Amino acid sequence: MASLALTSPPGVKVPSHLASSSSSLISRSSISFTTIESGSRICVSNSAKCNLPKALTLGNGNASIPIINGTTLPKYLDSSSRLEKPVSSRRANTKLKLFSGTANPALSQEIAWYMGLELGKISIKRFADGEVYVQLKESVRGCDVFLVQPTCTPTNENLMELLIMVDACRRASAKKVTAVIPYFGYARADRKTQGRESIAAKLVANLITEAGVDRVLACDLHSGQSMGYFDIPVDHVYCQPVILDYLASKSISSKDLVVVSPDVGGVARARAFAKKLSDAPLAIVDKRRHGHNVAEVMNLIGDVKGKVAVMVDDMIDTAGTIVKGAALLHEEGAREVYACCTHAVFSPPAIERLSSGLLQEVIVTNTLPVAEKNYFPQLTILSVANLLGETIWRVHDDSSVSSIFL
């Protein structure tokens with residue numbers, strides 16, 4: 001199973017203009033800053049350092065991955081009562097087991113690091129004909145088991161792996177099984193837009209439920225209605241606070257900021273994002289889609305002239321929507337354009353489009369693993385490990401999850 005370690009590149013320093021600054025878009029009393037030398041870009045410390053043996057080689061040195069010192073956490077986790085307990089007492093809680101699939105082992109390791117736990121021992125293999133073999137290497141009898149597995153590329157293989165992991169836990173007499181799905185594949189197939197189409201999101205939800213999952217924990221679903229496809233509880237984790245904490249470190253005046261929805265369907269998401277950024281104004285890109293993964297920008301609703309535009313979406317797939325929207329924003333007089341999304345799907349030709357120069361910065365999270373070959377100068381990756389780790393603790397302790405996002 002491939003492993004990934006997040007380590008701090010050379011040349012880390014604290015910018016003096018930030019150390020003395022008292023103004024920001026949102027409160028940043030608990031945020032520490034580092035500069036990773038990739039141009040003049042600044043990364044906020046909101047991700048957990050992963051204690052893995054092999055260091056990550058950044059290749060072209062362009063992708064920025066925020067790191068914390070092991071004690072400072074983003075403000076949305078500062079009040080967690082869980083952090084008041086020593087790590088040793090957390091590890092003593094043997095009734096909580098955390099296992100990782102092969103889709104994103106680096107994120108799973110970060111989550112375990114935050115929680116003060118070791119990842120459960122599990123063997124996942126592929127037979128010569130492609131069949132998946134799963135065996136738990138430790139007892140889970142009577143335990144609260146959490147399985148971390150995004151259903152990303154290769155989507156069908158990772159989905160099947162998750163289902164077999166669930167089955168293995170059930171047959172090993174786990175008390176409860178929670179599927180932690182940072183990225184829920186097939187979420188875009190959530191309705192019929194033409195005759196004789198399938199609703200694959202509902203089908204996948206049925207598969208996960210019938211496999212024996214008691215609860216699903218998912219990040220930024222494509223549409224909220226997908227939660228209704230499950231006949232079991234779903235905890236919807238919003239990764240918005242992670243991106244907001246990072247944007248708070250940028251030297252952007254709230255008067256110069258405008259939040260942009262790349263399509264009409266994302267207006268609610270963009271409006272909520274804008275409210276957190278000092279109630280920034282909102283603009284909407286009117287988009288007409290003529291086919292799957294094909295987007296055409298028509299016009300812009302709102303004023304962006306001379307402003308810094310922040311485009312907000314749940315995912316970037318082929319980047320057609322984001323890049324065409326950015327081009328339109330520049331035509332309408334935007335000074336700078338930033339793209340923010342939770343899920344970096346990055347299907348070809350996304351990298352070529354995103355690195356074309358239209359975007360000042362592309363801010364994503366690590367719900368999906370981003371291959372080193374897909375790094376480019378404008379890319380910034382933020383970690384959601386602390387957020388997911390805290391959510392898992394709260395689910396296990398039967399505490400409120402929604403209070404994290406208040």
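**Ground rules.** I am working on a predicted model, where local features need pLDDT of at least 70, side-chain atom pairs count only at pLDDT 80 or more, and totals for chains, interfaces and linings use all residues. Residues are numbered from 1 along each chain as its sequence is written, and side-chain values use heavy atoms, with hydrogens and water left out.

**Whole chain.** I noted ten helices and 16 strands. Helices (H or I, at least four residues) and strands (E, at least two) are DSSP runs, numbered from the N terminus. Of the 406 residues, 56% count as buried; buried means under 20% relative accessible area, exposed over 50%, partly exposed in between (1.4 Å probe, protein chains only). I then checked contacts, meaning heavy atoms within 4.5 Å. Among those between residues at least 6 apart in sequence, 68% join residues at least 24 apart.

**The five-stranded sheet.** I traced an open sheet with parallel pairing and the order β3-β6-β7-β8-β9. Strands β3 (96–100) and β9 (234–237) stand at the edges with a single partner strand each, so one side of each has no neighbour in the sheet. The twist from one strand to the next averages 20°. Two strands pair here if DSSP finds at least two bridges between them. I found five bridges joining β3 to β6, with Leu147 in β6 as the bridge partner of Phe99. Further along, β7 (residues 176–181) and β8 (residues 215–219) pair over four bridges, and Ala179 stands opposite Val216 in β8.

Axes are lines fitted to C-alpha atoms, for helices over the stretch in contact, and angles run from 0 to 180 degrees between N-to-C directions.

**Cores.** A nonpolar core is a set of buried Ala, Val, Leu, Ile, Met, Phe, Trp, Tyr and Cys residues joined through side-chain atoms within 4.5 Å. Which members of the largest core touch the most others? Of its 45 residues, they are Ile111, Met115, Phe273 and Ile392. Helix α10 (residues 385–396) gives the most to this core, with six residues. The core draws at least three residues from each of domain 1 (94–236) and domain 2 (238–381), with bounds from an automatic or database domain assignment. A second, separate core of 35 residues includes Val145, Leu163, Cys169 and Tyr229.

**Phe273 and helix α6.** Leaving out residues up to four places away in sequence, I listed the residues that Phe273 touches; among them are Gln240, Ile243, Leu244 and Leu247. Helix α6 (residues 240–247) is mostly covered, with eight of its eight residues buried. Leu244 is in this helix and counts as buried because its relative accessibility is 5%.
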